[in-house]
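Work through the exercises below with the model open. Try each task before reading its solution.

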Amino acid sequence: MRIRDMPLRVKQRIAATAILIPMAAVSMYSLSQLSSLKDDISAINTVLLRRANVIAQLNLDAASLRVNQLQHASIRSSEQKQMIADTMIAVIDRINRNLDVYDSLRTNPKAVLSNPIRERAVYASFDRNWERYLDLSFQILDLSDANRSAAAFELLNDDARTLFALFSGELQELSQINTQDAEETSLRAEQTFVSARNRILATLLITVVAALGLGIVVIRQLTGGLEKLLAAARRVADGDLSTAVEIDGRDEIGKLAQSFNWMLSSLRKSTDDTRRQAAELRDQQAVLRTKNGELESALKQVRAAQQQLILSEKMASLGHLTAGIAHEIKNPLNFVNNFAQLSADIASELREELEAARDKTVAEVIDSTDELLEDLQSNARKINEHGQRADRIVRSMLEHSRGKSGETQPVELNTFVEEYVNLAFHGMRATQQDFNVEIRRNYDNGAGPVELVPQEMGRVLINLLNNAFYAVHERGKREPDNKPFVEIATERKGDRVVIRVSDNGGGIPADLEKRVFEPFFSTKPTGKGTGLGLSLSFEIVRDGHGGLLTLDNRPGDGATFEVRIPAKSPSSSESNLSQHAASR
Amino acid sequence: MCQCRTQIGLRCRLTSLALLGVLAIGGLNPSAAQIAVVAHQQVPADSPSRRELLDYYTGDIQTWTNGRRVVLYDLRNNEQMRTAFYDYLGKTSSRMKAIWLRRKLSGEGAPPLLADDEHQLVDTISRTEGSIGFAHLDLADSLKMKVLLVIPDPAENN
């Protein structure tokens with residue numbers, strides 16, 4: 001595997017190892033050199049210098065012993081002799097201790113002697129001469145104690161002196177040996193230090209250079225790839241999707257570049273797709289716009305159809321109304337015609353009476369014609385009465401047709417309701433000759449005047465009454481024994497009035513009850529109703545009068561519709577009411 | 001160590017004889033290679049330790065347990081044996097002499113008496129109460145003296 005193909009963590013580990021191993025080696029080497037240095041210094045301090053020091057001390061003590069021996073021999077005072085003897089005891093003790101110390105230091109492994117054979121030979125010679133000196137010291141002490149100073153001096157200055165010179169020289173030689181060892185060890189320590197320092201510095205330098213080189217290589221490999229990626233990312237950010245990153249190697253950076261290229265490829269594909277989809281979207285938008293136009297056109301048509309339907313509904317109610325009005329007018333007209341015919345007959349009879357009474361007196365004429373005249377007068381009154389009634393009906397119809405839509409007027413509720421009950425009933429009778437129903441009127445005398453839009457509310461009442469009449473009539477067909485009735489009631493409840501239309505028809509199936517106020521919903525057979533009656537009535541009551549139209553359904557046994565509206569329209573004013581009253 | 005205070009105990013004698021017997025059977029020529037620490041027969045000591053032996057020879061112990069003075073003997077003209085003996089005690093001959101000189105200066109004691117040779121030494125010891133010395137084992141007459149200890153003579157072995 002090539003190095004550039006290795007994962008970054010492996011490269012990192014190799015670089016770290018390459019740096020750490022020399023550093024560890026340098027550290028280990030430094031530690032070993034330091035340890036060696038420490039051993040040398042310790043050997044110098046604790047062994048070599050002590051050895052030299054002990055030898056020097058031995059030499060001094062040996063000299064001191066000799067001087068004291070000379071003094072001891074030269075004086076006669078026993079007290080002074082004892083004092084000098086005490087001094088000599090101390091010197092001998094010191095010599096013995098130092099010899100013990102030297103014996104232990106000679107074999108100390110910390111500082112092996114550079115020339116042990118020579119040292120052993122010198123020390124053995126010293127020991128022999130020192131022993132011989134001690135042998136003489138016994139004799140000298142005996143002579144001195146016996147105050148034989150001359151003999152003592154003779155020994156001291158002759159054999160003892162020779163021996164002293166010998167072992168003193170040997171002690172000096174031992175001192176030289178140890179001093180030389182100390183110097184050599186010191187020199188070796190210094191050389192060790194210099195050598196270690198130079199090697200550590202060299203190794204450190206090599207390590208630093210190697211670490212820098214490796215670091216530069218690794219960083220170049222890392223940053224080179226990253227810089228290419230960064231440049232490519234900038235080109236992509238500027239909108240150039242045709243770019244691609246070319247990085248050799250299969251490490252993380254290489255894989256990242258590969259992923260980047262894949263991502264770019266996907267992005268190009270995705271962008272192409274998006275463009276194509278945008279074009280398709282634009283086409284679809286155009287189609288949608290066309291469809292929208294068509295839908296708007298269809299909506300217009302639907303609205304027109306709806307208006308047509310509403311108009312049909314109005315026409316249907318107007319049909320009922322017209323039939324009722326025709327019937328209402330027909331009655332007084334019949335009366336007028338009949339009484340007019342009767343009056344004509346009476347007039348003929350009166351003419352005959354008057355021609356026959358040419359010879360009679362006025363009183364007799366009056367008597368004979370008075371009855372006819374009264375009948376004539378009565379007929380004229382009745383003609384007038386029924387004519388006025390017809391006039392009233394026509395005027396009412398005119399008012400009904402001329403009234404502005406949405407304009408409230410004060411009306412006497414009971415009269416208003418009764419008028420529409422009659423219109424509706426006769427309208428029904430006009431279309432259904434066999435229709436018969438008991439109309440129960442339950443008017444509240446205190447219902448009083450109400451402000452409403454007569455045209456609109458009249459349409460509501462016509463609708464409710466027609467439905468009630470239809471329901472009882474249909475049930476009558478199915479159940480001939482059922483005695484149909486429709487009850488119309490009015491009621492004043494505080495500032496509101498209630499108009500209630502109940503019937504004992506078939507009611508509305510429970511599952512359809514909730515839909516009765518929906519537009520185009522009808523329980524009547526097709527062609528019998530538009531399905532807009534109750535829907536329009538609901539809107540008229542709620543939106544036109546701020547009231548409520550509710551249903552109390554009794555499926556199979558009839559239904560009650562209740563109109564509840566404010567007695568006084570919030571939008572009307574007293575002046576309107578008074579003006580309307582004056583015009584009437 | 002046998003605590004023979006007033007007279008030579010039978011047990012001490014038997015111990016010495018047994019020691020000599022063992023040495024005579026076990027060694028090829030033990031008397032030639034071994035040094036015996038001998039003492040007067042009435043010395044109340046038996047197999048003293050090295051430390052005790054050193055204390056006798058440095059003057060730190062100057063009387064036996066029976067109150068008699070310890071009389072030390074050394075050889076004048078046998079350097080090898082002296083060196084071997086004092087090596088056994090952990091001292092050099094010169095160091096022992098320095099110690100004795102110190103004793104002499106302080107008046108606490110005297111250096112060992114010097115025998116000219118081993119024959120004189122064993123003879124003297126057999127006759128001197130409280131005496132102690134060293135000689136080759138073959139010269140130690142167990143009937144005349146007490147053999148307290150036998151130590152190898154490295155010089156002879158070499």
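**Exercise 1.** What area is buried between chain A and chain B, and what share do carbon and sulfur atoms give?

Solution. This is a predicted model: local features need pLDDT of at least 70, side-chain atom pairs count only at pLDDT 80 or more, and totals for chains, interfaces and linings use all residues. Residues are numbered from 1 along each chain as its sequence is written, chains are lettered from A in the order in which they are written, and side-chain values use heavy atoms, without hydrogens and water.

Start with the term: buried area is the accessible area (1.4 Å probe) that two parts lose on being put together, summed over both. For chains A and B the value is about 1600 Å², and carbon and sulfur atoms give 62% of that. Ile89(A), Glu131(A) and Phe138(A) supply 34% of the area that chain A buries against chain B, more than any other three residues.

**Exercise 2.** How many residues of each chain are in contact, and how many salt bridges are counted between chain A and chain B?

Solution. Count contacts (heavy atoms within 4.5 Å). 20 residues of chain A touch 16 residues of chain B by that criterion. Next, count salt bridges (a side-chain nitrogen of Lys or Arg within 4 Å of a carboxyl oxygen of Asp or Glu). The count is 7. One salt bridge joins the side chains of Asp135(A) and Lys97(B), at 2.9 Å, N to O.

**Exercise 3.** What is the mean pLDDT of chain A?

Solution. pLDDT is the predictor's confidence in each residue, from 0 to 100. The mean for chain A is 85, and 93% of its residues reach 70 or more.
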